[in-house]
Amino acid sequence: MPNAKVNAKPLTRRQERLLYLRKWLRHGRRIASVAPSSRALSEATCGRIDARTPQTILELGAGTGAVTRVAAAAMHPDSRLVAIERDPDFARALDNAVPRAEVVVGDACDLAAILQARGIDHVDVVLNGLPTPSLTVEQRRRIADAIAGLADQPWVSQITVMPWVYQGFYRCRFEEVRFQPVFRNLRPGGVYHCRGVRP
Ligand SMILES: C[S@@+](CC[C@H](N)C(=O)[O-])C[C@H]1O[C@@H](n2cnc3c(N)ncnc32)[C@H](O)[C@@H]1O
């Protein structure tokens, strides 16, 4: 479906919440959240986007587009925004909600192939909504390898609702980690802004 805009109406806030709840009840940890990120959490996640410069922005686990919407509004008009989401219903809602995004319905573990197919070898910012700690070691390795293989090291902004639990997890994986707390979210949490994937 990538970029096949179907001109359907974006979901209302209520429809979006119901879709999340339904998916969470059905898939649990694969979705990892009962609701989309709040505006405050989405804005914090987009904190490394620079409106003054064209950038390549990559979003992993974009859901219905809570963060994608904020990214599209915050970025330079010539920036490129590629959003990967595995669930086809979420991806459809995302595609309708954010026409500026190139929506890829796929598995973030195939990141290297997804980037190669689009001729992308440089990314400035990765917005990571994936439930990273609950992925298998092999899944995490594939995503980390794809990011480590990029021409320059991007900022990876990882959403979390369990900040204290995963502090060490990210510090082991990245050379630089800065935590930005966000209290205005259904579950208070924050964003780890990380750079430099450790080998
Ligand atoms: C916690 S939700 C976050 C959604 C959105 N970024 C937000 O902040 O509202 C996690 C999302 O990651 C997606 N996801 C989980 N594993 C994935 C994978 N391997 N590849 C792509 N998307 C995945 C889920 O379908 C879900 O939409």
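Predicted model: local features only at pLDDT ≥ 70, side-chain atom pairs only at ≥ 80, totals over all residues.
**The ligand and its shell**

- The ligand has 22 residues around it, and S37, G61, E85, D107 and A108 come nearest; a residue is near if one of its heavy atoms lies within 4 Å.
- Sorted by class, this shell holds 11 nonpolar, six polar and five charged residues. Here Ala, Val, Leu, Ile, Met, Phe, Trp, Tyr, Cys and Pro count as nonpolar, Asp, Glu, Lys and Arg as charged, and the others, Gly among them, as polar.
- The side chain of E85 places an N or O atom 2.6 Å from an oxygen atom of the ligand.
- For R86, an N or O atom of the side chain is 3.2 Å from a nitrogen atom of the ligand.
- D107 has a side-chain N or O atom 2.9 Å from a nitrogen atom of the ligand.
- The protein buries 96% of the 600 Å² that the ligand exposes when taken alone (Shrake-Rupley method, 1.4 Å probe).

**The largest pocket**

- The ligand takes up the space of the largest pocket, meaning that more than half of its atoms lie within 2 Å of the grid points.
- On a 1 Å grid over the protein atoms alone, a pocket is an open set of points with protein on both sides within 12 Å along at least five of seven lines, a cavity is a set where a 1.4 Å probe fits but cannot get out, and lining residues have an atom within 4 Å of a point.
- This pocket holds about 1,200 Å³ of space, a volume being the space filled by probe spheres set on the points.
- Of its 49 lining residues, I31, A32, G129, L130 and P131 are the closest to the centre.
- Elements that each supply at least two residues of the lining include helix 1 (13-27), strand 2 (80-85) and helix 4 (88-97).
- The lining divides into 27 nonpolar, 14 polar and eight charged residues.

**The second largest pocket**

- About 430 Å³ of space lies in the second largest pocket.
- It is lined by 22 residues, with R140, R141, A144, R173 and V197 the closest to its centre.
- Helix 6, strand 5 and helix 7 each give at least two residues to this lining.
- Its lining has 14 nonpolar, three polar and five charged residues.

**The cavity**

- There is one cavity of 30 Å³ or more.
- P10, L11, E16, T64, R69, A93 and A97 line the largest cavity.
- Four nonpolar, one polar and two charged residues make up that lining.

Terms used
Residues numbered from 1 in each chain as written. Heavy atoms only, no water. Polar contact = N/O pair within 3.5 Å; in protein donor to acceptor, adjacent residues only side chain to side chain. Helix = DSSP H or I, 4+ residues; strand = E, 2+ residues; numbered from the N terminus.
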